[in-house]
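Please read these comments alongside the coordinates. They are meant as a colleague's note, point by point.

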Amino acid sequence: MNTKNMENIYQQIANCLVDMIPEKWKKILLYAEVRDSYRKVYFYYYSFTNKEPVYSLEIPVKFNLKEEQFEKLENELYDLFSELQSEFVRQQQDKWTNLTYILEHTGKMKIKLGYEDLSQLDPVEKQETWEATYLK
């Protein structure tokens with residue numbers, strides 16, 4: 001198995017996240033779901049100055065950023081996760097449907113892959129369940 005391309009995609013994901021967060025952060029927790037005609041990516045991060053996590057969709061308003069610039073990075077993030085899933089298939093690994101990506105400010109990264117069919121589940125319930133699991 002050639003992991004060089006996967007490692008490159010993971011690095012691009014980390015770089016994109018760093019570009020999206022306009023302050024120093026301790027930890028990023030991200031959820032991505034990719035299936036045939038559906039893609040969903042969101043993340044939370046913990047800063048060094050605040051105990052409460054910041055939701056990715058709050059970043060442009062909280063930091064008075066240009067919406068277009070943030071959306072461009074967000075689209076890049078979506079594309080990177082689609083590319084990552086395609087790379088899994090090229091490497092003849094099982095095709096995941098969702099993943100949790102955790103990145104520490106030290107560079108330590110952790111990935112948890114999910115393979116279950118999520119197409120019939122309510123998106124709000126999925127997000128609430130994920131948040132209850134990871135935002136403790």
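This is a predicted model: local features need pLDDT of at least 70, side-chain atom pairs count only at pLDDT 80 or more; totals for chains, interfaces and linings use all residues.

1. Five strands form an open sheet in the order 3-2-1-4-5, with antiparallel pairing. Strand 3 and strand 5 (109-114) are the edge strands, each pairing on one side only. Strands of a sheet pair through backbone hydrogen bonds, in either a parallel or an antiparallel sense.

2. Strand 1 and strand 2. These two strands are joined by 10 bridges in the antiparallel sense. Within the sheet, Leu 29 lies opposite Tyr 44 of strand 2.

3. Strand 4 and strand 5. The antiparallel pairing of strand 4 with strand 5 rests on six bridges, and Leu 99 stands opposite Leu 113 in strand 5. The two strands make a hairpin with four residues between them. In the turn, Gly 107 has a positive phi of about 105°.

4. Helix 1, geometry and burial. The end C-alpha atoms of helix 1 are 25 Å apart, which agrees with the 24 Å that its 17 residues should span at 1.5 Å a residue. Its buried residues are Met 6, Ile 9, Tyr 10, Ile 13, Ala 14, Cys 16, Leu 17 and Met 20. Seen down the axis of helix 1, these fall within an arc of 160°, so they line one face of the helix. Lys 4 and Asp 19 are exposed on the face turned away from that buried side.

5. Helix 1, packing. What do the buried residues of helix 1 pack against? Their partners are strand 1, strand 2, strand 4 and strand 5, together with helix 2 (59-62) and helix 3.

6. Helix 4, geometry and burial. Helix 4 covers residues 123-134, 12 residues in all, and reaches 16 Å from its first C-alpha to its last, close to the 16 Å expected at 1.5 Å a residue. Lys 126, Gln 127 and Trp 130 are its buried residues. They cover an arc of only 95° around the axis, which puts them on the same side of helix 4. The other side of helix 4 carries Glu 125, Thr 129 and Ala 132, which are exposed.

7. Helix 4, surroundings. The buried residues of helix 4 pack against strand 1 (25-35), strand 2 (38-47), strand 3 (54-55) and strand 4 (98-104). At the start of helix 4, the backbone nitrogen of Val 124 has a side-chain oxygen of Asp 122 within 3.2 Å.

8. Thr 97. Thr 97 sits in the loop between helix 3 and strand 4. Is Thr 97 buried or exposed? Its relative accessibility is 14%, and residues under 20% count as buried, so Thr 97 is buried. The side chains of Thr 97 and Asn 98 make a polar contact of 3.0 Å. Leaving aside residues up to four places away in sequence, Thr 97 touches several others, among them Ala 32, Val 34, Gln 85, Tyr 115 and Leu 118.

9. Tyr 38. This residue belongs to strand 2. Tyr 38 counts as partly exposed because its relative accessibility is 23%. Not counting residues up to four places away in sequence, Tyr 38 touches Glu 33, Pro 123 and Lys 126; Lys 126 is also one of the buried residues of helix 4. The C-alpha atoms of Tyr 38 and Tyr 101 are 18 Å apart, with the two residues separated by 63 residues along the chain.

Definitions and conventions. Residues are numbered from 1 along each chain as its sequence is written. Side-chain values use heavy atoms; hydrogens and water are left out. The expected span of a helix is 1.5 Å times one less than its number of residues. Buried means under 20% relative accessible area, exposed over 50%, partly exposed in between (1.4 Å probe, protein chains only). The arc is that of the directions from the helix axis to the C-beta atoms. Contact means heavy atoms within 4.5 Å. A polar contact is a pair of N or O atoms within 3.5 Å; within protein, one must be able to donate a hydrogen and the other to accept it, and residues adjacent in sequence count only if both atoms are side-chain atoms. Two strands pair if DSSP finds at least two bridges between them.
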